[in-house]
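Work through these exercises on helix packing with the structure in view. Try each task before you read its solution.

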Amino acid sequence: MARLPEIFERWFDAKNWRLRAHQAEMLHAAEAGEDALLVAPTGAGKTLAGFLPSLIALAAQPSGKLHTLYVSPLKALGTDIARNLQTPVAEMGLPITIETRSGDTPSNRRARQKEIPPNILLTTPESLLLLLSQENSADYFSALACVVVDEIHALAGTKRGDQLALCVSRLRALSQTRVVGLSATVAHPEAMRRFVGPRTRLVLAEDGAPPEVKMALPETEIPWSGHMGLKAAQMVLAQVEKAGMSIVFVNTRAQAELLFAEIWKHNEKNLPIAIHHGSLDIAQRRKVEATMAEGRLRAVIATSSLDLGIDWGGVDQVLQIGAPKGVSRLLQRLGRANHRLNEPSRAILVPANRFEVLECEAAMQGVREKALDGDPPRPGGLDVLAQHILGMACTGRFLPDDLYREVISAAPYADLPRQDFDDVLRFVEDGGYALAAYERYRKLFRDAEGYVYPANAKVTQQFRMNIGTIVEAPMIKIRLLGRRGGFGMGLGEIEEYFVNQLVPGDSFIFSGRLLKFIRLRETFVEVVEAPGKEPKVPAYAGARMPLTTNLASRVRAILHDPVCWGAFPAEVQEWLALQKRRSRLPGPEGLLVETFPRNGRWFMVVYAFEGRNAHQTLGLLLTKRMERAGFAPIGFVATDYVLATWSAYRPEKIDQLFQEDMLGDDLEEWMETSSLLRRSFRQVAVIAGLIPRQLPGAEKNRRQVTVNSDLIYDVLRKHQPDHILIRATRADAAHGLIDLSRIAALLARAKGRITHMELSRVSPLAVPVLLEIGREQVAGEAEDALLAETEALIAEATAENEFRHNFSHGPKGQNMLFQRS
């Protein structure tokens with residue numbers, strides 16, 4: 001066991017703490033100058049373990065330079081850690097300065113930090129790249145001794161993680177720094193260890209008390225479909241009343257607004273309940289965080305903005321409204337409750353529909369078995385590399401050979417071929433072969449010695465205005481007008497496309513308030529607080545998380561095994577039993593497909609359980625095949641669990657529709673003609689710097705970015721189809737938007753094992769997905785029609801008379817259930 005300096009010993013004694021084994025091992029790693037990855041449960045003193053070597057070093061040898069850099073995926077997390085670090089520094093009287101830096105930091109403080117750096121700086125990947133692109137970055141980081149990356153699992157394998165890994169490779173070139181990774185949930189320890197560094201010491205802390213997770217269901221009937229969970233509002237409020245402080249997690253910002261409003265309708269005791277999500281004004285978020293830290297809130301309705309390691313010591317329980325979509329994600333949220341290692345974290349899962357009951361049970365099994373999920377980190381993005389190359393040029397100059405060696409020292413780019421690096425460099429230099437004739441794409445030049453420089457000062461300025469890999473839809477700030485029409489407070493921001501749908505007098509919910517739209521003035525949406533009929537709720541692109549592969553496999557296994565049904569409420573058991581009698585249940589292997597007629601159409605329901613993204617892609621490919629086969633497909637709808645198509649004619653020869661060659665020519669043809677690649681290219685082009693979001697003195701709107709990117713996309717496809725950005729676009733689309741690997745796994749699993757059930761009417765398990773058809777944006781008479789359709793569907797699926805199956809005759813004339821195998 002490592003021995004602490006006397007002042008630290010006394011501080012630990014005063015807290016009645018002892019140095020834990022993993023904290024001591026982190027000290028040993030620091031003494032040996034080794035990188036380290038610490039995997040420790042919430043409450044194990046993980047953050048202290050990461051910072052303790054730095055605090056000891058700075059206490060022994062005070063410095064006027066930057067010593068430790070802390071990077072986290074959330075600005076709120078950096079603020080919280082800074083607040084917590086101030087406690088030991090103040091109580092021990094250590095001569096250590098601690099500050100945060102992010103996009104929210106005032107400009108005067110950012111300017112001061114560049115001149116007089118703190119000893120410990122807490123920042124984000126974007127702000128780090130901005131600092132590294134400054135001309136004085138070599139001197140600024142020369143004394144850096146440690147980089148602490150918190151919640152590293154949330155960064156590795158993402159574009160922000162790629163950006164951070166490249167920044168760390170530059171920091172290693174500028175200093176003798178070592179790197180420390182911290183996480184409570186690591187599904188792939190070896191891959192994460194390599195992300196930290198090639199010779200990283202893996203430190204595993206002892207497990208804490210096992211979490212207590214249970215499921216709570218509404219007293220009324222469990223909904224057949226929907227994902228907002230609003231019917232559970234009163235039950236959620238009752239659970240909040242029983243506890244001291246609760247975090248109520250939801251999966252989207254729209255869901256947060258709706259649930260917050262619904263809970264307050266029933267909050268007769270006026271319990272202090274707040275809302276927190278990433279689109280709210282920074283001042284409001286900080287106020288909620290501070291009030292929570294002081295213990296003056298009973299609950300906060302939150303999205304992933306509070307997912308990661310923020311230390312709310314007084315949180316008694318976590319409620320998850322809607323299915324968690326992954327075991328690791330659920331464990332991460334569980335960790336927000338009860339930061340004491342020897343006491344269990346408590347969570348309540350509140351499924352929003354019947355399928356989510358199955359998913360919640362599967363997630364609870366995964367938590368008990370500690371079966372973490374998530375994909376291993378993928379190779380680094382070429383668009384991120386393009387941004388980094390330009391940033392390194394902005395520091396002054398570089399030699400391509402030196403920068404290539406630096407880049408491949410970053411784990412995501414370890415296998416990057418030199419040709420790919422040179423292609424990306426050529427793109428940054430002049431746009432590539434197809435764009436080289438245009439002056440605006442010439443951003444770099446080389447001198448006679450081979451050094452690469454920015455083409456001019458404007459290139460550097462434009463780069464610093466457009467740093468980052470988060471490409472959101474354009475946002476517009478909301479300004480609440482005063483009573484006399486004067487300027488009021490800022491509430492946050494909403495997406496431009498939502499504002500374009502509003503007309504003066506429309507009402508919508510935001511920041512827990514009912515607002516009336518007055519006008520769009522310059523770059524602000526001006527609103528007043530006022531009641532209105534049928535308020536709208538802003539939705540945000542890319543808000544939904546797909547079901548993980550691990551959890552999907554568990555749901556299929558639970559569905560197929562009636563022994564597991566005992567944990568379900570009676571109505572869910574009856575639903576599954578009825579499905580078993582009327583049709584079949586999806587199994588862990590193979591693929592169940594049902595077809596049946598309804599209202600003059602033929603429906604095909606595919607129980608794939610591969611997540612919404614994969615199902616949407618499968619639906620597009622499947623309807624193309626159905627069209628060629630003459631079935632006249634009309635449309636499809638996808639959920640996380642099921643895909644349903646409807647067509648004019650009866651689908652036949654089902655096994656031929658799901659052949660693996662679907663991912664060959666069909667996929668290529670669809671990708672070439674669909675808008676998906678254009679949308680993906682738009683994001684890649686923005687990240688790579690081809691299309692700046694912001695220009696000195698102006699900001700491009702969504703339409704300008706779209707038109708520009710579409711024109712360039714067409715030029716590159718025609719004249720340089722192997723352009724580096726086209727390659728990056730296809731890689732992005734395959735990994736994210738279309739989830740190719742999961743479709744490939746599904747088709748391989750289904751090969752020779754498709755069970756096709758031909759039914760005379762809708763099956764019980766198909767009701768939820770059919771209810772999703774036309775669910776979006778219904779109100780008034782349309783809503784009444786949907787309710788009537790719901791009742792009709794449920795009555796049809798649960799009617800007592802038996803379904804009639806169609807039978808086909810086997811080779812010897814036997815009557816066989818129509819089953820492809």
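**Exercise 1. Classify the pair α10 and α11, then describe their contact.**

Solution. α10 and α11 are roughly perpendicular to each other, because that class covers angles of 65 to 115 degrees. Start with the geometry: their axes cross at roughly 70° and come within 9 Å. Here axes are lines fitted to C-alpha atoms over the stretch in contact, and angles run from 0 to 180 degrees between N-to-C directions. Next, list the contact (heavy atoms within 4.5 Å). α10 gives A233, Q234, V236 and L237, and α11 gives L259, E262, I263 and H266. Sorted by class, these are five nonpolar, two polar and one charged. Nonpolar means Ala, Val, Leu, Ile, Met, Phe, Trp, Tyr, Cys and Pro; charged means Asp, Glu, Lys and Arg; the others, Gly among them, are polar.

The model is predicted: local features need pLDDT of at least 70, side-chain atom pairs need 80 or more, and totals for chains, interfaces and linings use all residues. Residues are numbered from 1 along each chain as its sequence is written, and side-chain values use heavy atoms, without hydrogens and water.

**Exercise 2. Find the buried residues of α10 and what covers them.**

Solution. Buried means under 20% relative accessible area (1.4 Å probe, protein chains only). In α10 (residues 233-242), A233, M235, V236, L237, Q239 and V240 are buried. Their cover includes α11 (253-266), β9 (246-249) and β13 (346-350).

**Exercise 3. Describe the packing of α22 on α28.**

Solution. Helix α22 (residues 612-628) packs on helix α28 (residues 740-750) at about 70°, with axes 9 Å apart. That makes α22 roughly perpendicular to α28. A614, T617 and L618 of α22 meet R742, I743 and L746 of α28. Four of these contact residues are nonpolar, one is polar and one is charged.

Terms used: Helix = DSSP H or I, 4+ residues; strand = E, 2+ residues; numbered from the N terminus. Parallel < 35°, antiparallel > 145°, perpendicular 65-115°, else oblique. Buried < 20%, exposed > 50% of the residue type's maximum accessible area, 1.4 Å probe, protein only.
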